[in-house]
Structures are given as C-alpha cells and as structure tokens.
Amino acid sequence: MYTNTKHIIKTNLLDLKNYSLPTSAKDVKLRIYDRIPSKVVDIYDFDMIFHDQKTMDLIRSGSTIGCFYIESPGMRSLLKRLSCDTFEMLTAASSVIRPGVAESGMMQEFIDRHHDPSRRKYLVPEMEEVLGETYGVMIYQEDVIKVAHKIAGLSLEEADLLRRAMSGKMRSHTAMERIKINFFSSCKLKGHSEEVSNELWRQIESFAGYAFCKAHSGSFALLSYQVAYLKSHYPAEFMAGVLSNRGGYYAPAVYIQECKRLGLKVNLPSVNKSEYEYTGKGKEIQIGLMAIGDLSNKTMLKIITERTKNGNFESLLDFFIRTKIGYSECEILIICGACDCFNQTRPTLNRLLGLYNYNKQFLHNDEESLFGYDHFNIEDQVTTSEQYSIEKICKYEYQTFGYMVTQHPLYFYRDFTKQKNIVKAIDMKKYNSKKVEMIGWFMTSKRIRTKKGDIMKFLSLEDETGTFEAVIFPKVYSQCAEQTMSMGPYLLFGRVDYNMGNNLVVEKLTVLSNREILSMIQKDSVENNYFGDVEHFSNDEIDIVKSLDFEKYKTAYL
C-alpha cells in the first residue's frame, strides 16, 4: 500500500476538533491499493468473513502467525486442538486460554467436552441451563455471577462483589472473607453437598482473577477474524503491514520466515524500489528502508523524495551525486543489497564508492560534473565479477536487518538437517507418540513455574518447513537451562505429542556447533578461510594508486 513517508517519519498530531467517528461500521472500508486498485474490502461485513472458507481453514489450522491475539504458540495450539472455525468458538478460545482457566485444569476439560459430548457433565443439573453453551465450564467473568447467583444462591449484588473481589478490584480481606462465608452458607441452604460447594468455589477462585468478560473476548475475536481474513486473502499486503508495524508477538525474523512459508518472495531493500515501510503486492514483499538499522530517517526520506521527483537512480555514481549521502550510509546500502539494482557486484560497488568518496567535492560541483564523469573512466578497470560468499551476504543481512533473507539460518547446518534421522516440523503428525530427533531455530520462549515450584520452559522453534514447540519439563530443564538461552540451532531428542499441538516433549537438548558458521563470523580460522572486512579505498591508497598505470592498478585490486 502506498504511504506518505513524511507522515511516517514525522508524526502529525490529529486535530480532534475536526475529527468525527464513522456513523456506522459500514463506513469503514479497506482498499487494497497494490492488488486491485478499484477493489474495496469491507472488513466489517462479518457475515461474509465468518463464512469465508479460507479464513475458517486458516484459524482451524492455527496458521495465525501475525494475527492479533491468536498468534502466540499456546493460542495456535489451542485453535488446532479445538478445530476452531466459528466466531462463537473463537470467542470462547480467547477466554479459555487465560491463565486462570488453564491452570485450574478446566481448559483441557473444555477441549475434551467440546469433542466428546459424553463428557459434558454438570456438578448439579441446574448448571446445564447456566453453562450449557460452554459445556459446564466457567470461562467468562459473567459465568462467576451466574453460578454464584443461580447455583450458589447469592444475590446479584453479592455475586458481583465476589467477581470483583476475585479479580483484584476489592482490597478488603474482611469483605472477601464475609462473601466466602455467605457463599458456603447459601450453597448449604440450596441443598448442595460440601463436596459440590468446595468444587464450585475452587473453580471460581482459580480463574476469576484472570478471566475475560464475554464482551471483551468477543471484541478480540472480531478483530482476530478480520486480520485472519486479510492474511488468508492478501498474504503479501498483510505480512508487509505486520512487518511495518514492527511485528507483534514475535521478532521480525519470524515474520520473514512466515512470508516464505506462505510462498511469498521476499525482496531485499532497494534504493529504486523500497518505500519507507514494507510493501506487499501479489506474491512478493519488498523490504522497506526502515529495516536498515543504521540508516537515518533523514537519509531514507532523501532517497525516496529524490527518486520520486527525478526518477530512478541509474548507477551508484548517479545515486551518490543526486543524494549526497555520506560514505558510511552508502556503504551500508551496498553491503545489505540495496544497490544491487545497479547490476554490479557488491565488491565492485564498494571499490567505486571509495573512488567517489575521495572525489566527492569534485563530483558535487555542478559546474564541473560533466568533467567529473569523464574523469572516472577508471570505473571499468575496477569492475569484478567476484561476489561476496553466501555466508558473508547472510552475515551482513543479519547485522543490518536483524534477520537473514537470502537463506534461513539452518541452511548453514544442512550437513545436520539433511540427515535421514532428522524429522521435519511439517512431518511431526506422522510420528505422533514416537521418539524422534529434530533441529530447530529459536523463535521465542516462555518460562513458567509448576505448582510444585519447579521451573520449566517452552521453546518455540522453527525449521525450514514449519514451526513446533519444545516442551522442557523441570528435570530436563535443570540439565540444559543455560543452553536454551541461545538462538540455537537446537538438536533435540524427545517424544512427539501432536494431539497437544506441534509439541516435542524434550528428553535431550544440545546446541549445534558448525565450523562453517564459526569461520563465517571470524576474520580467519585454522582452515585459512579468510573473508575479510568490507572492501573500500582509503584516501592514502588512492593517492598511491594515482602513481600507478592502469595495468598495475588492476593487478593491485583484482
């Protein structure tokens, strides 16, 4: 989508005096400019979105990386376990994932009852009327009020006080104790056994502080459906938007790999093609200049403004003269691939940059610019077909963007990943309940404390085919905790639990080490693999070269 760069780099405050909300949701439309100029997508046509097959399939499969609120590993796993494909079920899932319900054991019970109607049993018959929609499981804050009022016999005022107390909005312990006494007294008057009363209280107490009200869950589910629709129908535009917003739950590297899993081509930044933000069109994503970490906003704006005003840059020299960008930022643009559009190798571009920088005062003198161009017929003499190694290219990408584009990090461990005994993420369902070896690269992680107080960890990992979760229970975690603090790659041995999501219950974990990678990040190695620093000319070198003839010059640098 086209965006005014000035408003991105320098935010303009909105004058609320001249602003009014839409009169109805139907007034809000989304125009996918880059795909079909005339097409307007009404993302508030919920009847259409709720019945869209692509959207339902995407949610059901948990392929929701990038989608608001439903992209976390736990949520994606829950969507698959529930086979969630309706708004009502997504609303329930948005609340049942909350810590209170999960930790009370009722999340798993909800999943089991969803798939097996015979498990839908109720503590007392009246609960079917109150909680029939959620199979007898309390998952919303309103459920606390309904159960406390209709089942336990508290007044509506007392029931709401109970909800408020358990959600932390009442600080009086005395009041809480009084409500608790009234709760059990009312249960006794209603004829409930002590066992039933205790279980009702346990369920309420375990989750009330973390539960959503149904309206909150519903509003989240609406937005989740909208973004899932956009991802399923406009993946390039959608993922470009996610990346431009600097991601969500995950780091940008995860979204770049998700783009590739969606079959999208990810193009490196380009001084002739990139806007400030990421842009998507068809089956391609163009990385925006914003991804280049050490490039100033002023420089980005200068590139876009000059290109818009006077057309694409024809060569590095044309770019250097028209933008007057400094040496260091030009060098960054070269090594990250943003100048590849000039159809010269990056080593050649770096050599030329050294020459141009030495003569920049001469080149930027408009009166003598023609003579300046003639002066540099030496350009042809320094051209080389030699390109940086794939290792160096990916290294510069990682240093510049924070992620690799040309290859997945696991590409450099293909001696390991290609082994027949290594199971790919995409094939995990074939090995359910079996013990396997897998290799994964870090996406995100989460540590939790068990009820016994022990520490365990969830590692979200990916390979070149998909994502999976490594579940590391306390006993194993105590043996490998330090190793889990790296990006990997991890070599893991464990049992596949596909029914709980793409889970691998880890028994052994180690971090791979590869001499090929070590040599890539070192200037030298025992194997005499030398990759060197970014190539450029110093002023002293150019002064020396001036005393050489062209043949000696070529010999010195080629």
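Here is a guided walk through this structure, from the whole chain down to a few single residues.

The model is predicted, so local features need pLDDT of at least 70 and side-chain atom pairs count only at pLDDT 80 or more, while totals for chains, interfaces and linings use all residues. Residues are numbered from 1 along each chain as its sequence is written, and side-chain values use heavy atoms, with hydrogens and water left out.

Let us start with the whole chain. It holds 28 helices and 10 strands, where helices (H or I, at least four residues) and strands (E, at least two) are DSSP runs numbered from the N terminus. Of its 558 residues, 48% count as buried; buried means under 20% relative accessible area, exposed means over 50%, and partly exposed lies in between, using a 1.4 Å probe and protein chains only. A contact is a pair with heavy atoms within 4.5 Å. Among contacts between residues at least 6 apart in sequence, 58% join residues at least 24 apart.

Strand E6 (residues 435-449) runs antiparallel to strand E7 (residues 455-462), and 8 bridges link the two. Here Ile448 stands opposite Met456 of E7. E7 then forms a hairpin with E8, with 4 residues between them, and this antiparallel pair is joined by 6 bridges. On its other pairing, E8 runs parallel to strand E10 (residues 503-511) through 3 bridges, with Val471 opposite Val505 in E10.

Because 6 of its 6 residues are buried, E8 is largely enclosed by the rest of the structure. In a regular strand the side chains alternate between the two faces of the sheet. In E8 both faces are covered, with Thr467, Glu469 and Val471 buried on one side and Phe468, Ala470 and Ile472 buried on the other. The bridge partner of Ser460 in E8 is Glu469. Leaving aside residues up to four places away in sequence, Ser460 touches Pro73, Trp441, Phe442, Met443, Thr444, Phe468 and Glu469.

Pro73 brings us to a helix. H4 is largely enclosed by the rest of the structure, because 8 of its 10 residues are buried. Those buried residues are Pro73, Met75, Arg76, Ser77, Leu78, Leu79, Arg81 and Leu82. They pack against helix H3 (53-60), H5, H7, E6, E7 and E8. After H4 comes Ser83, with a positive phi near 50°.

Helix H5 (residues 87-96) packs on helix H7 (residues 106-115) at an angle of about 160°, with their axes 10 Å apart. That makes H5 roughly antiparallel to H7; the classes are roughly parallel under 35 degrees, roughly antiparallel over 145, roughly perpendicular from 65 to 115, and oblique for the rest. Met89, Ala92 and Val96 in H5 meet Met107, Phe110 and His114 in H7. That contact divides into 5 nonpolar residues, 1 polar and no charged; Ala, Val, Leu, Ile, Met, Phe, Trp, Tyr, Cys and Pro count as nonpolar, Asp, Glu, Lys and Arg as charged, and the others, Gly among them, as polar.

H3 has a partner of its own. It packs with helix H13 (residues 214-233) at about 105°, with axes 8 Å apart, and the two helices are therefore roughly perpendicular. By class, the contact of H3 with H13 has 6 nonpolar, 3 polar and 2 charged residues.

Our last stop is Phe313, in the loop between helix H16 (297-310) and helix H17 (316-323). With a relative accessible area of 3%, Phe313 is buried. Its C-alpha atom is separated by 9.0 Å from that of Cys341, 28 residues apart along the chain.

Definitions and conventions: Two strands pair if DSSP finds at least two bridges between them. Axes are lines fitted to C-alpha atoms, for helices over the stretch in contact, and angles run from 0 to 180 degrees between N-to-C directions.
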